Every structure is written in structure tokens, then in C-alpha cells.
Amino acid sequence: MSGRHPPIPPPTTDPGTTTPRTQHVDRRTLLRVSAAGAVATAAGGLATACGSAAGQGPGKVAIHGDNATWEAPLQAAGKALKATAGLQLVPEVIPSLESFEQIVKSSLRTNKTPDLLKYWSGYRLRDLARTGGIEDLSEQWESAESQGWVDPSLREAFTYGGRVYGLPMNLAYWVIFYNPEVFAEHRLKKPETWDDFLTACTRLKDNGITPLHGTTAGRWPAFIWFQEILSRQDPQFYDDLMNGRERYTDPRAERALRTIAGFFDKNWFTSMDVDHNNAAAAVVHGDIGMVACGTWLGGVFAGAGAKPGKTVDAFVLPMADPAARPCVIFESSAFAVTVKGPDREEALKAAGGWLHPEVATAFAHGLSDGSPNPMVKPANAVIDGVTRQSEDLWLLNRFWEQGPPELVESTVDDLAGMLIEPHSYRSGLRTMQERADEAWKVWREAEKS
Amino acid sequence: MTDTVGTAEAAKPVRVRRRIPVRSPHQASRGTSTGRMGGPFAGIPWALPALALVGVLLVYPFLRSIYGSFFEDNGFTSSFTGIDNYTRLAEDPIFGRSLLNTFMWVAGTLLLPVVAGLAIAVATHRMRRFGGLAQLVIVLPFAISGAATASLWRFMLTTDGAVNQVLRGIGLDSWAQGWLLEWPQNTISMIVASTWQATGLNVVLFAIGLRAIPRETIEAAELDGATGWRMFRHITLPQLRAVTVVVVGMAIVNSLKAFDMIWVLTQGGPSRSSETLALTMYREAFRLFHVGYGSAVALVLSVIVVASSWLYLRRQMPGAKD
Amino acid sequence: MGRHMRNLFVAGCVLLWLLPLYILIVNSLTPPEEFTGSVDWTPQGFAFFDNVKAAWTDAGIGDGFASSMLYAVVCGGVAVVVAAMAAFAVIVLPIPRPALWFWVIFSGTLFPLQMFLAPLFGMYADANLYDTRLGLMLVYAAWAIPFAFFLIRNQMTTMPPEITEAAMLDGASMRRIFWRIHVPLMRSGLGAAFIFQFTAVWNDLLFGITLSRSPEVQPVMAALNSLTQAYSTAGPPVVLAGAFIVSLPTLLVFLVFRGLFLRGITASAR
């Protein structure tokens, strides 16, 4: 880590784990037509050779994730993958986001790296792809897309330099959770327009319920409301700003934060130290009106005793500008294959089978969340509703995955500052732009080299 | 840590007879018995296992981090940049805040857990039944892990948390506030939370020290008419010196390195307002992958820790004067 | 300070200390679906064992429990023995520059923990120690030595040198003097050092999550940590119940040994 490690050598210098491209293509063709047994014999010798070192045994590949709640779904998907591709997934969870990233980054250049990674999409994946430590999965993507196994509009989020470096694992939509029983009690319906949403806030507030949950607890959630409001006021601007084509000092960014400051003035927000798990419990018990989060928060609601459709439901925040192209924010994790992993061949094979409808269904249902494979039936009523609602919407990637990771890490702190002092947004945005100028300069320089 | 090593000048007002010679360090006899002990290097094999483990697994990685602080390293590639990381440090506005918070932690930790520990130990020392029980209650939190303590204190310190509910309950509504949301309350309330956890250990250590004070010493002082505060100031305190060294030494080191509590409660936020140097270092090296810069912060922190411990222990530690 | 003032002060402290403990216990009793999102002051049902079970299975605490027990007992023990030997070397035996030895070994506890992580990871990957129990045990032992050394060394300075000299006149070897005289006489100090280092190793999180990844190797705090992660679905009562259950071993060690080493110390001091 500290200056001693050389840059990653090109993959071909590692004779132990690398096979020529041609053979790789052969195996892919084989994979497409064959059943499990056939592949096992074709690649068997090789797999044993690779698997014997530090990796899992033949027929097993380790997948490395940062999220313990994914363990069971991954196991379920692994079971399906065993049936469809003859490979078993062995999930290994590092229960801390920080050390996960640290371990991934420092292990990619060693042969201690896991075979498969769960990683973020967007710029974080690009950052990783740039190191040369993960495999190009363009063929796997195209094969999946030609069979209708993946939503093509997600491709951009997994692409770097025209090549695909990860396959989508889950597809979470960013929505507003609410309690239908509480809404009904106050003669409110699921908001379909921006005005509906404002009406709901006003009426809940009048009835002693804090309408909106906002928080800086855990640091990262500070971006949520900025992302939601900005993308509903001007989705094109959100997309451009996140990709470094617009500036934070733009009046449109200011407008979004002014809107949020207005919500603060009306006392619509909870105090900024309520975390999501407490907020979910408070929604179920009718103390907080709405919580903005990814659909994955559904699991937390279930844990808090919510009944989907009765005491919890979700909607996509309506567009504030009805003339703009309707959008929804998505979040999707990447399934990436490491170059130096001990079972690389099997890992590539697993990538080929990952989006298979049976595997994707097992995973999405295990997770109770959305799936990047449109053929998968929604896992529950809430996901069903949101998926229907999102069908024709413009899918925009989440704030966390947009822009150089280093920039995002700093701007969430600036946004937190603006949640604590809502009317300081002008100076806050100026700071953010200064950071953005520098970070984008560094990013683009690195891109050239 | 368990016995009375008060030196002559510290115990001046009431002269105390001592069982243990002040001359102490056993190496005083080295000159005569070196031969019988196996030559002037006889100690080395005994100290080698400790040195090997600490040297290879702690000191060497530490030095490597220092070396890394002269490089610009993003986790994959690195280039030598000399003292760039240090000049950047001097210009970083967060570094100043972080330094200030670090010193608040040191001052707060010396003030609260050490003084409270001493006060509670002295107050419970002669209590018959209730004293031991009180000490037990106060030491329990020490056994709870840092991360678990922090989860619990989140319940206490959030805006709807227990502390504010108590304040509102007793009519102090205006005192209720977002303890974790604004500086300097967030740093102060986290120091209080760590006081809850750390005091017990100090109470136990001081209690051990108090019990070790020879009865004759107390009796002699009582004959001289020492009571109350004078007794405490001139007898008890000097007699507790060996324990105090350990307690204060630990307090300095641990407060400078305070991490778990802050990491779980605020992650140094909101908006980096409660960061200490340990947090800044972790964030730079592990979140932003500015490995060199993180190492530079760590070096500054290490220099502060080592220097302050050295300044303190050099003078205070029993037998460290040779 | 009058007796009443003193009693009042102690009672006040005990109350202040009990309050958070009370909240810990009451809130870990609440069934997750009853939990309203803010602190409970009175028990809202009795789901403690369900919560513990949820934490135990969700976070896979079981594996970690056994591993951590191994690490804490073995590394705490090894560290105390190695530290006692080093203290013996620095205080009793002739050694060139004892102060330097002291500071080098003690420095291990002065540096911020985070500084070791990245270089250690690289070293462990190269030496095939990454994600092995041996690797974690080595680093825990090393990490536990400096402070144990500090405690034991301080205690050893209080032992009269005449004891050593008398034993030497009897012709005892240094090894015998160490094991038969110093170790028994410092029983209580060694016990205290062991308890502190047992607690420290048991409660470690950072080494655990950096140097291991498989469930069989990971220590218990790493497992518990997965409950408090951003994507965790565990409700706050489950988190508290988990926190409580993983604190039990250290609590027990304290309760069991506290009286023991207090008595030992007072006995040796009189």
C-alpha cells in the first residue's frame, strides 16, 4: 500500500492463471450450447489446476461482498447457477464497507484476490477497471442482452472505455417509502404529482406527523434529498452535473437546495441524526411520514414488522417539472471478475451464467429486490408496483456512483453541512464546485494516460 | 502498578517509612552479579520474543507507513513526492479542526475519566458493603466493546434520544439539542460517552493502589494530625503515584487514538466537524485512497503520542531514570 | 468531604452509570416489530432471546465466538508470558541500554492502530498469512505485548532485588528464578495484564476485518459489525441484543477474576 507495490503487471505475465483469449472464446461458445457436464469435462483439467492453489475447489468460485444480507441470496443464486452452469458460488462477506474497498484494492494485484467481486457500478467500477485488475465482460454482456436477460439501458453504468467490466447483480430503485394506513387515515393517496407530494407533507405536518426523514447519520445518506429533488426538477441537468458537464454553482443546483431549505423552514424534516433503521420503524408506527431510500430498505421494513401494501408501500417521487423527461434513480451492484483470482476460468463461466433468468430470479427473490433481468417476476407487491411505475422512466444512476469516487466522498460531507445549516447552500455549492474542478481534472488526466 | 514507590521528595511533608528500598532498579546490583547472571547480554534472549513480535508486526509496518508518506500513492501506483504531503497538511483547513478535536479529547480524557476515577475510588474506598458494588457497576461498561458502547450511546445522544428525553422530563427543554449534530457539542458528548466506558478501569486501578497503601503510613500521618484534604494531598496522592502513572499514561495514549466511538457515532461528521487525527488518517488512507497523505497525518499523530508519553513517562515512571 | 456528601456522590455516580446500562437492557428486550424508532424506557415485551437468536444467525456470530475465544485466550496468555519475560530482561537481567528496549517494545501501543493495517495487509498477502487463524493470532499477540509489558514492568520494579539475589546465592538458574519466584509473586499483576489484553483482543474490530474474510477465521466483533452496516436489516433491538451477547465473555471474565486479582494484590502488598 505504501509505495512498495508496483503497478499491476499486464495479465499475460502470470502463467499460472492466464489462458490465451482464443481458448476463452472457445469456452464461451461451449458454455452457451452445453449442459453442465460437458463444460466440466472441457475445462475440467484447467479448473483443477487453478482451483488447487489458494482458491476454492473445482466447481466452486468465491464471491466477495461487503454486505452480510446478501449472503443467503447469493447462496440461492449459487444453487441455481449450479443447476444451469455447473458452478457453485461461495459468498465471502467482509462486514465493513471500508475494509472491503481496502481489501479489494490492495488484493487485486496479488493472487489473494477473490475470483468474483460485488462492486459498485458507475465511476467506482470505472476506477477499478482502470487498474487493469478486473476482466472485460463485454461478451458476456452481449450474450445476455441478445437473449433478453438484461435491461440494455443499464449498460452505460458498467462501461469504461467502450467495454463492459461488470454485470448488474440487483436493480434497486430509489423511492419514497410511506405507510398506506397512515396516509388513508389522513385522506391521502399515493402521490402521483409533485403537488400531491407537497399536499401529503403539509397534511401530515398539520396532523403532528413529521413528514420527511432526512439524515446525516452514517455520512453517505446526506446526498439523498439533493439527488431526489435535483433529478425531479431537471433530470438532464442532474445527469450532466454528475458527469462533470455542468457546474454546482449553476442556478439549477441552487434551486434544488433552496427547495430543500424551504422544506426545513416548514419543519418537514426529522432531526438529522435519525438513521434509516429507526426511521423505518417510525414509519411503520406512524411517527414519520415518508422515508427516501433504495428499494433495498424493504428488508428493514420487513424486520420492523411492516406488511407490504398495508403498513408499507413505496412510490417514485413525482417530477417537479412535468415537462421534463420522467426519471427514477437506480442503484445496481456490479458482478466483476478479477484478473488474478485463483479460479479465473470458472469465474468467467459464472459471469456467463449470472444473468440467466433462473439465477437472476433466485437472487432477486432471495433479496426481495428488483432485478436487472426484465424476465424476472417482481419479488413482492412493493417491488412490483415500483417496477411498473419505473417501466418507462429514464434510469439515472445514484449520486454515490456518479463522478470520481474521491469527489463523491467529499461532496457528501458538504451536503451534510448544508443539511445542518440549510441556508448556507451558496457557499456550500461553491466549495463543491472547487472540489469538482480539481477532481475532474485529475480523473481526466488519468483517463488520458 | 500495585505497590508504593513514592519517592522521597514527593512524600516530604510526612516522612514515611518504606518497605521497599528507593534505590530500586534491580540492575543496581548488576555490577556485582553480572557474571553469575550470564554476562552483560544475558537479558537479550529473554527480551527477543517480544522484540521480534512487536518489531516485525508493529514497528516495521509503522516505518513502512512513514516511508509511504513521502509518496503520492492512490493504492495502485505511487510516485515520490518528498514532503508534498506534509505541506498539503499544513494548508488543509480540516487538519486544524482535527488537531483541535484531538486536543479536546486529550484534555477531556484527563479531566473526566481520570479525575472521576480517582474521586470515585477514594469515595468508595472505605465504604463497607456498597463500595464494592458501586465499583462493580462503574467497571461493567469497560467490558463492553467500543462498537457496542457506541451503538448504545446513539440511543442516548440522538435528538430524540434518552438524554434529551430526560432533559425535557425535568423541565430543561432549552438544554435539549442535537448533541451529535453540531461542533463542539458532538466532540464533548462523545468524550462523556467514553468517560462512561473508561472510568471503571481507572477506578479499579486506583482502588488497587489505595489498598496497597501501608496502614502504618496512614496511621503515622493521622498521628501528625493529617485529615481530609491534607491527608489526600500529602499522603494518598503521592502514594498513588505508581498507579497514576499507568492511568494517565493510558489516558494520553487512548485519547489521542480515540477512534471506535467516533467512527460509530458520527464517522467524524456531520461535515467532518468531529474528526480527530485518527479519523482523518483513516478517512484519507482508506476512503479516499490518499495513502501517502494518510500516512503523513498518521506520522503527525504518532509524533504527538510518542512525544507526550515520553515527556510524561520519562519523569514519572518508577525506575525509568537510568 | 462529609460522609453524607460522599454517599450522595457515590449514589449519583452509580445512577448515572446505571442509566445507559438500563437502556441497553430494556431496549434489547423489545421485539423488533414493536420498536417505534425511538428509545423505550419501559420493557415493551420480552423478546430478548428472539433478538439474540436473530443477531446470532443474521450475523453468524457463532463461528466468530469460537475464533475470538481462541484468539483472546491464547494471544492474551502468550502476550503476558512474552511481556513478562521481556520485563524480566529489562529490569532484572543485565542488558545493554534497557531504556531503549523499553521504548521500542512499548512503542507498539503508542502508534495509531490504523497505521499498521495497510502494510500488514501487504505483508500477510505475501507471507500467505492473510485470512488464516495463525496470522490473526500472531498480530494479536504482538499487539497485546506492549501494554502488558508496561504493566508488568512497572510492577516488577516494585519487587525487592534481594529476592533475586537470595535465589541466586542458592544457585538457582535464571529460568528457575523467573518461573518459581517472579511469576508466582506477580500472579495478580500478570492476571490483571491478562484480563486487559483478553478484553482488548476480544473487542478488536480493525485487525479482524482487515486481515481475514472467511467466517471460520473472522473474530466475533467483525461478525457483529455486519449488523450495524448500512444495508443491514436488523432492527436496533437486535443490534443491542447482539452487542450485549458478545460482551458477555468479557463481563464474565471481569466478574470472575476481579475479586481474585484484587485479593491477590492486597495480599502481596501487606
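**Salt bridges and an interface in a predicted model**

With a relative accessibility of 29%, A:Arg252 counts as partly exposed. By that term I mean between the two limits of under 20% relative accessible area for buried and over 50% for exposed, taken with a 1.4 Å probe and protein chains only. Before I continue, please note that this is a predicted model, in which local features need pLDDT of at least 70 and side-chain atom pairs count only at pLDDT 80 or more, while totals for chains, interfaces and linings use all residues. Residues are numbered from 1 along each chain as its sequence is written, chains are lettered from A and ligands numbered from 1 in the order in which they are written, and side-chain values use heavy atoms, leaving out hydrogens and water.

Let me stay with A:Arg252. Its side chain meets that of A:Glu246 in a salt bridge, at 3.4 Å from N to O; the term requires a side-chain nitrogen of Lys or Arg within 4 Å of a carboxyl oxygen of Asp or Glu. A:Glu246 is also partly exposed, at 25% relative accessibility.

A second pair consists of A:Arg130 and A:Asp127, whose closest N and O atoms are 3.4 Å apart in a salt bridge. Here A:Arg130 is partly exposed at 27%, whereas A:Asp127 counts as buried at 17%.

Over all chains, the search of the whole structure finds 28 salt bridges. One network links residues of chains A and B, including A:Arg124, A:Glu409, B:Arg272 and B:Glu284.

I turn to chain A as a whole. Its secondary structure comprises 18 helices and 13 strands, these being DSSP runs numbered from the N terminus, with helices (H or I) of at least four residues and strands (E) of at least two. Of its 449 residues, 63% are buried. The accessible surface of chain A is about 15,700 Å², with 51% supplied by carbon and sulfur atoms; such areas come from the Shrake-Rupley method with a 1.4 Å probe, and for residues only the protein chains shown count as cover.

Chain C has another make-up: 12 helices and 0 strands. Its C-alpha trace spans about 75 × 65 × 25 Å along the principal axes. Of its 270 residues, 65% count as buried. The accessible surface of chain C is about 9,500 Å², and 67% of that belongs to carbon and sulfur atoms.

What does chain C share with chain B? In this interface, 105 residues of chain C are in contact with 107 residues of chain B, where contact means heavy atoms within 4.5 Å. The size of an interface is often given as the accessible area lost when the parts come together. Between them, chain C and chain B bury about 9,500 Å², 78% of it on carbon and sulfur atoms; this buried area is what the two parts lose on being put together, summed over both, with a 1.4 Å probe. On the chain C side, C:Trp17, C:Pro94 and C:Met115 lose the most area to chain B, together 9% of what that side buries. How many salt bridges are there between chain C and chain B? The count is 0.
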